[in-house]
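Student: I would like to go through the aromatic rings of this structure and the reasons behind the terms used for them. Can we start from the structure itself?

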Amino acid sequence: MTPADEILDIVDEHDEVVGQAPRGEATARGLRHRAVFVEARDAAGRLFVHRRTATKLVFPSHYDMFVGGVVGAGESYDEAALREAEEELGVSGLPRPTPLFKFLYEDEGTGHSWWCSVYEVRCDLPVRPQVEEVDLHVFLTDAELEDRLGDRAWVPDGLAAYHRLRSFRAGGAGPAV
């Protein structure tokens, strides 16, 4: 099965399942579905940052400060967060990611819309990123990441999650739903 054939739950504006569709169709038709974003930090507290491969269905060759992906049909956010983090980082035995908040991502320009659940996890294991997903990677301090935000193409949903996470950690109005 290709990633485009993966079956996803299609959800409404309240994150209630209203149907199912293959991932490729959901992307092409702008059907709202679910995704997880996992902030992965190493033992030194540095953030895993990577460039997505050119073959990704959405935002190919863009940089991202989260690992994650879509939630499969019938899968919970928590299950998807652990699965996606282990797959993209190329590790097994990762601690269960800690859920932080959810938000609805909507991009009027592209028609993309998905419910996003944001997590954090510490990865003390050596990473071997999945070559189908990750073109290159590095661990950066928060300051190093901030310095790079304006000089390359970042996934827009990841940027939205990143800014919400910064506000969440600063005690701002929580985006939790």
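Predicted model: local features only at pLDDT ≥ 70, side-chain atom pairs only at ≥ 80, totals over all residues.

Student: Why is the pair of Phe37 and Phe66 called edge-to-face?

Tutor: The ring centres of Phe37 and Phe66 are 5.7 Å apart, and pairing requires centres within 6.5 Å. Their planes stand at 90°, and an angle over 60 degrees counts as edge-to-face. The pair is therefore edge-to-face.

Student: Where in the chain do Phe37 and Phe66 lie?

Tutor: Phe37 is in strand β3, and Phe66 is in the loop between β5 and β6. They are 29 residues apart, so the pair links distant parts of the chain. Phe37 and Phe66 are both buried. They also belong to one aromatic cluster with Phe101, Phe103 and Phe168.

Student: What makes Phe48 and Phe139 an edge-to-face pair?

Tutor: Their centres are 5.5 Å apart, against a limit of 6.5 Å. The angle between the planes is 70°, and the cut-off is over 60 degrees. Phe48 lies in strand β4 and Phe139 in strand β9, 91 residues apart. Both Phe48 and Phe139 are buried.

Student: Which ring does the charged end of Lys102 sit over?

Tutor: The charged end of Lys102 sits over the ring of Trp115, 5.3 Å from its centre; the distance limit is 6 Å. Arg152 lies over the face of Tyr63, with 5.0 Å to the ring centre.

Key
Residues numbered from 1 in each chain as written. Heavy atoms only, no water. Phe/Tyr/Trp six-rings, centres within 6.5 Å; stacked < 30°, edge-to-face > 60°. Helix = DSSP H or I, 4+ residues; strand = E, 2+ residues; numbered from the N terminus. Buried < 20%, exposed > 50% of the residue type's maximum accessible area, 1.4 Å probe, protein only. Lys NZ or Arg CZ within 6 Å of the ring centre and 35° of its normal.
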